[in-house]
Amino acid sequence: MTATTQHNRWVPYAFLAPFLVILVIFIAYPLYHSVVLSMKQTFGPSRSAFVGLENFRFLASDPLFWKALKNTTYFAAGSVLIQLPVSLGLALLLNRPDVRGRAVFRLIFFSPSLVGLVFVAMMFSLIFEKNTGLVNVLLHDMSPAFDPEFPWLQQYVMPTLVIAALWIYGGFNMIYFLAALQNVDKQLIEAAMVDGANAWQRFLHVTIPAIRPIATFIVLLSLIGSFQLFDLPYVLLSGAGPDNQGLTVVMYLFQMGWDQQDLGLASAIGWSLAMLLGIFALIYRWLSRASED
Amino acid sequence: MLRKLSIYVPLLVLTLITLVPFAYLVCSAFTHGGFLHFTLPSRVMVSLVWPGTN
């Protein structure tokens, strides 16, 4: 083997080295460390004791963790079952070539995504305020029987969060659906029209199968985003809200890691959430393959 | 006509729902205790107080 050939053998590794170094330092090692940490009970970063799977066992019997998971699942279900159909409906309306001012409407519906979540949370805390909040004032004006002291942020925390998220992400998801709808083969729709299919039949048998891959991807993204919910309720409710009604899994992780200083339990919560999201990703993969077949 | 209404009425209602929170925020900025009350100098706030509010 000549010196030049030997030299060339190391060139690809030299090019890969910066990426590998960054991968190991910033991704692989922190992941490994968090797995180890999830098997320790800690008090701050310096004091810890190995406890095996005790943190996971504790979580399985912890009512607060289950409450957080229930709240987060409620929010995720609201996101998928309300937000995505609204986004699809908007996209269908704005995909029609005969609608005037389509670009303006698209901009208007997308505009909430340009505002930061913290800002939106503060805005909605004003809007859902008792007595003086816009929602209660409007509903009371429209129907005097409606109680202006309706406690949105005290007793109906999760529906309020779903409404706020609908306002923020409805237009954002609409853009994905719009992109999917613009790729639907027009010849297929025309062929269905020639065959006598009405609008609903065309939507069900042509549009839906055509947009299914992107739609399942949007569902997955929406689920992952919903299960990582933190800043919206944290600012809107100044914490977990009354009786932990707005407690989410990531907020519980934050409370355990930073307020209780138990980084081990926080890591265990993080890994539990990662495993749950991993299951969703596997289901998505299975659905994608099934639709390809 | 009915077809046009079925397109534009939902669009306009949703436009209103999207824009009202922004408008509410802007209005509340010009009232005492409003959102931007603490970030604007008080002299500016006094001159910008929304009519009919204290």
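Guide: Let's start at Asn244(A), which sits in the loop between H11 and H12 of chain A. Helices here are DSSP runs of H or I with at least four residues, strands are E runs of at least two, and both are numbered from the N terminus. Please keep in mind that this is a predicted model, in which local features need pLDDT of at least 70 and side-chain atom pairs count only at pLDDT 80 or more, while totals for chains, interfaces and linings use all residues. Residues are numbered from 1 along each chain as its sequence is written, with chains lettered from A and ligands numbered from 1 in the order in which they are written.

Asn244(A) is not a glycine, yet its phi is positive, at about 55°. Asp243(A) belongs to the loop between helix H11 (231–236) and helix H12 (249–259) of chain A, and this non-glycine residue also has a positive phi, near 55°. How exposed is each of them? Asp243(A) has 11 C-beta neighbours inside 10 Å and therefore counts as exposed, whereas Asn244(A), with 19 other C-beta atoms within 10 Å, is partly exposed. The rule behind these words places C-beta atoms from the backbone and calls a residue buried if 20 or more others lie within 10 Å of its own, exposed if 12 or fewer, and partly exposed in between.

The largest one has 47 residues, and the members touching the most others are Phe124(A), Ala164(A), Val249(A), Tyr252(A) and Ile269(A). At least two residues each come from H3, H5, helix H6 (134–142), helix H8 (157–181), helix H10 (199–227), H11, H12 and helix H13 (263–292) of chain A. H8(A) gives the largest share of this core, eight residues. A second, separate core holds 15 residues, including Met174(A) and Leu11(B).

Ile269(A) shows the packing in detail. Beyond its neighbours within four places in sequence, Ile269(A) is in contact (C-beta atoms, placed from the backbone, within 7 Å) with Leu59(A), Phe65(A), Val249(A), Tyr252(A), Leu253(A) and Met256(A).

Next comes a helix pair. The axes of H10(A) and H13(A) approach within 10 Å and cross at roughly 175°. These axes are lines fitted to C-alpha atoms, for helices over the stretch in contact, with angles from 0 to 180 degrees between N-to-C directions. The crossing angle makes H10(A) roughly antiparallel to H13(A), on a scale where under 35 degrees is roughly parallel, over 145 roughly antiparallel, 65 to 115 roughly perpendicular and the rest oblique. Among the residues making the contact are Leu220(A) and Phe227(A) of H10(A), and Leu277(A) and Phe280(A) of H13(A). By class, this contact has 12 nonpolar, three polar and one charged residues. Ala, Val, Leu, Ile, Met, Phe, Trp, Tyr, Cys and Pro count as nonpolar, Asp, Glu, Lys and Arg as charged, and the others, Gly among them, as polar.

Now for the partner chain. Between the chains, 15 residues of chain A are in contact with 12 residues of chain B. Helix H3 (63–94), helix H4 (102–110) and helix H5 (117–127) of chain A each supply at least two residues of the side that touches chain B, and the largest share, four residues, comes from H5(A). That side of chain A has 13 nonpolar, one polar and one charged residues.

Phe109(A), in helix H4 of chain A, has 26 C-beta neighbours inside 10 Å and so counts as buried. Apart from neighbours within four places in sequence, its contacts are Leu90(A), Gly170(A), Gly171(A), Met174(A), Leu14(B) and Thr18(B). Leu90(A) is 19 residues away from Phe109(A) along the chain, with 8.7 Å between their C-alpha atoms.

Finally, step back to the whole. Chain A has 13 helices and two strands, and 30% of its 293 residues are buried. Chain B has two helices and zero strands, and 9% of its 54 residues count as buried.

Notes: Contact = placed C-beta atoms within 7 Å. Core = buried A, V, L, I, M, F, W, Y, C linked by C-beta atoms within 7 Å.
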